[in-house]
Amino acid sequence: MIVEVWSDVVCPWCYLGKRRLDRAVRRWQEQGGEPLTVVLRPFQLAPAAPLESRPLTAEQPASIEVSVQHTPETTSGCLTEIARDHGPDFTWQPAWSPNTFQAHRLLSLALEQGGPDLQWQLSEQLFRAHFGAGEDLGDRSVLAAVAERAGVSGAADFLAGGRLTGAVRSALTEGVVSGVRTAPTFVVRGRALAGAQSVRALLDHFGAAAEAADAEGDEGVRRYRLARAMLDVGDPLSAADTLRPLLNDRQVPADVRLLAARAYFASAQLESAKRELEVFLDAQPTDDFAHFLLGRTFERLGQDGAALRAYRLACALGTAPQYRTAVDRLAGAVP
């Protein structure tokens, strides 16, 4: 069973949630529960934070300490609970307010290199660097050093480039359209539990997911719904990335292929849009909108003759006024 944890490395509640999740997973395994795999997903508390980190004021670290101890559930003290596994040298001295996007890229690299275990270890080192050592997680040299301590290789070169940037942006959009509003949020088989919940609550969450029928459902359906939501919020590049693994199957449902074509067109991947539309129209030759979108694709590719033919087919099959407008626009320009 996969436990997805939407989390940010500068979130004190996420640090507390990590501690509680560690204990909950151990207890679950001791009780003979089915194996759990914990995967971190990106959440940014301050996505608009400047790329150059700002130092915290003298009052901000103290306010963080107070804010994580104010509920009845944390009367023993959030910091005491976080410190439990650190030993007597534990300190609490966050000093910077960074943009955490690069840290999330690094966590994606750790997952790629060593799987969930390495990613989890890196997250621990990032939490310790930010909250315990007062290091600036917006500084790429600091991030590279933290990654080296965790066992991630090639971090400096990776951070200097742009690889996995799109994957992180897509994951952030996925969180938004999936309804993740709080960090941490624990998702198991489509069931979400928000906040740094108690160990007991996490165990109950695992149990409910394990007893339920397969709530993950068909992967194709999940990706289709997610991609459609991504298009709705204006992120066609993420929508295209989400659908891409499905498109090698010639038996993929037609509506999935048309949605992919829309995403490719909206993200200016015109050759890919053309390919998907042509495959779609082989199976659905009377779809007027698909002919119109193919015409728009041809027109943006500078192939006006092919665009006009597609627009005329759209007009023959449908009555939307933009079809006739497109024909009239090109009819005088194409020999």
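This is a predicted model: local features need pLDDT of at least 70, side-chain atom pairs count only at pLDDT 80 or more; totals for chains, interfaces and linings use all residues.
Which residue in S5 does glutamate 4 stand opposite? Residues are numbered from 1 along each chain as its sequence is written, and side-chain values use heavy atoms, with hydrogens and water left out.

**View A. Pairing of S1 and S5.** Glutamate 4 stands opposite valine 187 in S5. S1 and S5 pair in the antiparallel sense over 4 bridges; strands (E, at least two residues) and helices (H or I, at least four) are DSSP runs numbered from the N terminus, and pairing requires at least two DSSP bridges.

**View B. The hairpin of S5 and S6.** S5 runs antiparallel to S6 (residues 191–194), joined by 4 bridges. Phenylalanine 186 has leucine 193 as its bridge partner in S6. Between the strands lie 2 residues, and arginine 189 in this hairpin takes a positive phi near 50°.

**View C. Side chains of S5.** Thr185 and Val187 point one way, Phe186 and Val188 the other, and all are buried (under 20% relative accessible area, 1.4 Å probe, protein chains only). In a regular strand the side chains alternate between the two faces of the sheet.

**View D. The largest nonpolar core.** This core comprises 42 residues; such a core is a set of buried Ala, Val, Leu, Ile, Met, Phe, Trp, Tyr and Cys residues joined through side-chain atoms within 4.5 Å. H4 (101–132) is among the elements that each supply at least two residues, and its 10 residues form the largest share.

Conventions
Buried means under 20% relative accessible area, exposed over 50%, partly exposed in between (1.4 Å probe, protein chains only).
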